[in-house]
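Here is a short note for a colleague who is opening this structure for the first time. Please read the points with the model in view.

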Amino acid sequence: MKLLVWFILLGLAVPIYFSEKFGAIFLEANLSKKVMFIVAESLLVGLLRGLNDLPSQMYLQKNLMFFHSSGISNLQIIIGQWLSRAPLYVWAAVILTIPLTSGLSIPDKIMTGLLLFIIGFVAEMTVDLVSRYLMILTMYYMPSIVKAFVGIATFGFLALFGFIIWVLTSLDAVSADFWNQFERTMFVIAGISGVGIIILLLLTKKMGELYYESWLQSVENEKVVLDKDSGISHLISHPRNAVMIKDWILILKNSVTKARIAIWIIGMGVAAVLVNMKVLDSFLTEQNKPFYVFGFVIVFTFLAFGEIVSSLYQQEKQNYLLYFVTGTKGQHIFMAKCLTSLLLVFIPVMIGYPVLGLLLRIDITTITTTLIWCAFASLGAILLQLGIATLDRKGGQGIMIIGKEEDSDGMLEQVPQTAIPILSSFTGLVYGLLATTLYAFELHVAFSILLFLPCLAMIPLGVRSSEYR
């Protein structure tokens with residue numbers, strides 16, 4: 001309960017703080033323009049949220065079979081799912097209203113805030129319901145494209161987050177001319193969207209029938225897939241691919257993975273905003289900014305994802321018997337772990353540094369040269385962590401720090417639980433700190449000889465230790 005209270009307070013404090021710092025963005029926007037802004041936000045974020053959440057909620061939940069066979073009308077199921085999102089949209093409307101009332105007097109802030117909150121809540125709920133209808137129509141007539149919705153939503157949210165960070169870090173104010181053009185454009189978009197929304201709402205009764213039929217189709221298609229050979233059998237022609245796919249299935253099905261990704265993205269964004277707000281000017285200068293950004297990206301990325309790298313062998317447990325039976329060699333296993341780790345750590349580092357560097361206006365040449373350090377630092381840490389982690393290749397037969405009964409949902413399977421994975425994780429973090437220190441003093445030769453080259457010795461060690469013995 002205390003955690004929930006702190007979460008609510010933090011959720012309110014962040015928009016209040018940013019509204020005070022960036023309230024000038026809305027100074028030239030009158031009430032009608034703020035309403036159009038709410039409409040734009042509701043349409044964009046609502047549709048992206050629908051692409052991300054609705055396929056799972058409306059078609060993949062296990063209890064849907066019970067509801068559809070219980071005699072409850074299909075329309076009631078839709079409405080029930082829709083109303084269950086009301087608390088989320090109350091919270092979203094509150095968060096959206098706070099910055100829009102920045103700069104107003106207390107009486108105007110209360111009255112305008114209440115009006116904008118009601119408009120925001122109604123807009124969010126309406127877009128959610130319409131998104132459900134659109135999902136039903138898509139699932140009924142073009143079910144094959146639904147599989148791409150989550151990916152589209154992910155890229156959409158990343159682009160939107162990047163745009164917000166750019167606005168907060170690059171713009172001090174928005175002109176009245178922009179808001180006038182924005183309002184005219186949104187009137188057209190809102191009018192077209194309004195006509196479509198009215199048409200879809202008039203088809204509400206029909207939607208219940210289409211929902212049931214589209215759900216039946218999805219169930220039948222799932223059975224057909226299960227009756228066939230594995231849908232990814234063409235990808236498992238090589239033992240390395242099989243091990244890698246198995247690892248990624250475990251990683252992606254764990255709900256902690258989404259939390260790690262969210263924390264990493266939010267952390268990068270908050271860092272960019274704090275620097276551009278000059279909160280860190282007491283020690284941050286144009287000369288040392290590349291160093292601090294390099295250190296932050298390396299260390300923060302390893303804090304976010306490094307534990308997964310150190311836990312890859314910890315998760316194997318009895319799998320080694322299967323590897324022995326199928327003839328999977330140590331080189332296949334180690335290479336699969338390396339490729340998985342590259343996607344977990346190397347790629348975020350190589351994306352995070354240039355993006356953060358551009359947001360903080362670091363010179364392009366400096367960004368390009370520092371990327372070489374980023375590559376060697378992340379690769380060296382990965383090899384070092386995996387080389388140590390291979391010593392735990394049969395699933396951590398040492399003393400378990402976290403018992404199975406304490407992790408019945410598998411929430412902690414990405415957390416090192418025995419001495420070897422913990423040592424691996426700690427060593428990777430120390431390696432990142434040492435690389436950052438050598439970068440600060442421009443000790444390129446020392447970095448190569450003392451840090452990176454020794455890590456290459458972990459490759460034969462990792463291959464040998466990954467063998468079944």
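At what angle do helix H14 and helix H15 pack, and how far apart are their axes?

1. Helix H14 (residues 330-359) and helix H15 (residues 364-389) pack at about 155°, and their axes lie 9 Å apart. H14 is therefore roughly antiparallel to H15, a term for angles over 145 degrees. Axes are lines fitted to C-alpha atoms, for helices over the stretch in contact, and angles between N-to-C directions run from 0 to 180 degrees. Helices are DSSP runs (H or I, at least four residues), numbered from the N terminus.

2. The crossing of H14 and H15 is right-handed, meaning that the near helix is turned clockwise from the far one by less than a right angle. By class, their contact has 19 nonpolar, 6 polar and 1 charged residues. Here Ala, Val, Leu, Ile, Met, Phe, Trp, Tyr, Cys and Pro count as nonpolar, Asp, Glu, Lys and Arg as charged, and the others, Gly among them, as polar.

3. This is a predicted model: local features need pLDDT of at least 70, side-chain atom pairs count only at pLDDT 80 or more, and totals for chains, interfaces and linings use all residues. Residues are numbered from 1 along each chain as its sequence is written, and side-chain values use heavy atoms, with hydrogens and water left out.

4. The loop between H14 and H15 holds Arg361. Phi of Arg361 is near 60°, a positive value in a residue other than glycine.

5. H14 also meets helix H10 (residues 239-253): the two axes come within 8 Å and cross at roughly 45°.

6. Helix H2 (residues 31-60) and helix H5 (residues 86-100) cross at roughly 140°, with axes that come within 12 Å. This pair is oblique as well, and H2 passes H5 in a right-handed crossing.

7. The whole structure has 8 salt bridges, each a side-chain nitrogen of Lys or Arg within 4 Å of a carboxyl oxygen of Asp or Glu. One of them joins Arg49 and Glu124 at 3.5 Å, N to O. This pair links distant parts of the chain, with Arg49 in helix H2 and Glu124 in helix H6 (residues 106-141), 75 residues apart.

Conventions: Helices (H or I, at least four residues) and strands (E, at least two) are DSSP runs, numbered from the N terminus. Angles under 35 degrees count as roughly parallel, over 145 as roughly antiparallel, 65 to 115 as roughly perpendicular and the rest as oblique.
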